[in-house]
Amino acid sequence: MTGRLPRAGIEILAQEKETRIQSFGDWRAETLGELPHDLEKRLSRLKAKKVLWDASRISGMDSSGMVLLTHYLNLLRGQGCEVELSGLREDQQKLRAMVDAYAAPSTAHKRQGESRLLSLLADTGEAVAGAWSDLVSFLAFLGEDFLVFLGLVLQPWKMRWGAIVKNIQEAGVRALPIITLTSFLIGVVIAYQGAVQLQKFGANIFVVDMIAISVTRELAPLITAIVVAGRTGSSYTAQIGVMKITQEIDAMRIMGFEPHRFLVLPRVIAVMIALPLMIFFADIIGIIGGMVVANIHLNISWMEFIHRLQNVLDVKHVWIGVAKGPFFAWLIAMVGCFRGFQVSRNTESIGRYTTISVVNAIFLVIACDALFSVVFTRLGI
């Protein structure tokens with residue numbers, strides 16, 4: 001088959017004001033041969049000239065040949081050349097339109113002549129534009145989810161209670177082992193670090209104050225939310241992403257099922273219920289961890305620790321920590337589901353958006369916690 005088809009090639013005629021490129025032969029994968037290397041060698045030298053590219057002598061072309069042609073057209077334009085393409089048949093023009101629509105142009109050669117400053121500014125601009133686009137999409141996602149939620153409030157019998165219970169088990173009950181371990185270690189670390197300083201002043205008993213307030217008010221909510229973001233938020237992104245790749249979400253829409261009602265809201269509500277309970281559980285385990293260290297390292301008895309705890313730990317500190325839970329949970333679940341819907345139709349994007357989901361969720365949780373600290377301090381709580 002390959003011997004019967006004419007080899008692909010080009011002829012270049014350089015003139016004073018313009019350069020003419022004549023393509024010939026059959027531009028298919030099996031007949032391209034050394035053409036890609038020849039194009040790279042000869043066209044990379046053209047700078048800021050008018051280029052007339054004639055493709056009328058191309059006898060046949062498949063997607064490989066069209067991708068190659070499109071790549072070097074973009075390369076020439078990136079080098080400052082004014083390019084005019086002519087001679088494509090109707091079927092080849094349709095193929096080029098498809099390649100232009102779905103194949104991203106190469107930017108590797110485009111920036112070879114740019115300074116580092118311009119490249120940095122361009123990268124910064126692209127990052128800002130991408131962040132703005134994500135923000136607008138996220139707000140639209142929140143609006144759509146809110147409208148679906150209002151509909152379910154008016155028609156509560158349509159709520160998928162079974163899915164909510166199942167997600168509470170996945171996000172809450174099965175997360176208790178890792179929450180137990182991390183909370184206990186946090187209590188141990190706080191007690192040890194405080195003991196070193198308090199022993200210098202003979203104020204060992206004040207380690208109880210530090211453990212009780214810091215764990216219940218800040219550390220238990222924050223650490224628990226970070227663990228849930230890494231565990232549950234990433235799983236939401238991966239689950240919805242796989243459903244998008246396998247076209248299950250498209251099938252749901254075709255059959256009249258609203259993805260927000262069936263996929264998003266049960267997960268969001270489940271995490272908002274489970275996270276405050278996990279924070280309260282983490283409070284208890286963190287205090288127990290600090291109690292163990294206080295007993296071993298500072299010789300504070302169990303009863304002495306508990307008596308001091310009752311005197312210094314106001315209920316408001318516990319409620320403040322637990323009250324952060326629904327806000328943290330809402331951020332984690334919404335970001336996880338939103339990034340899942342952004343997954344494109346390939347497996348590589350699942351890993352990419354799962355990573356982005358975890359990073360975004362942890363950042364938003366920390367930012368929200370900082371906002372709570374400022375507000376509570378201003379209110380004197």
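Author: Helices (H or I, at least four residues) and strands (E, at least two) are DSSP runs, numbered from the N terminus. This is a predicted model, in which local features need pLDDT of at least 70 and side-chain atom pairs count only at pLDDT 80 or more, while totals for chains, interfaces and linings use all residues. Residues are numbered from 1 along each chain as its sequence is written, and side-chain values use heavy atoms, with hydrogens and water left out.

Reader: How many helices and strands does the chain have?

Author: Counted as such DSSP runs, the secondary structure of the chain comprises four strands and twelve helices. One of these elements, helix 12, covers residues 347–379.

Reader: Is Asp 369 buried or exposed?

Author: Asp 369 lies in helix 12. Buried means under 20% relative accessible area, exposed over 50% and partly exposed in between (1.4 Å probe, protein chains only). Because its relative accessible area is 7%, Asp 369 is buried.

Reader: With which side chain does the side chain of Asp 369 make a polar contact?

Author: Contact means heavy atoms within 4.5 Å, and, leaving aside residues up to four places away in sequence, Asp 369 touches Glu 218, Leu 222, Lys 324 and Phe 328. A polar contact is a pair of N or O atoms within 3.5 Å; within protein, one must be able to donate a hydrogen and the other to accept it, and residues adjacent in sequence count only if both atoms are side-chain atoms. At 2.9 Å, the side chain of Asp 369 has such a polar contact with the side chain of Lys 324.
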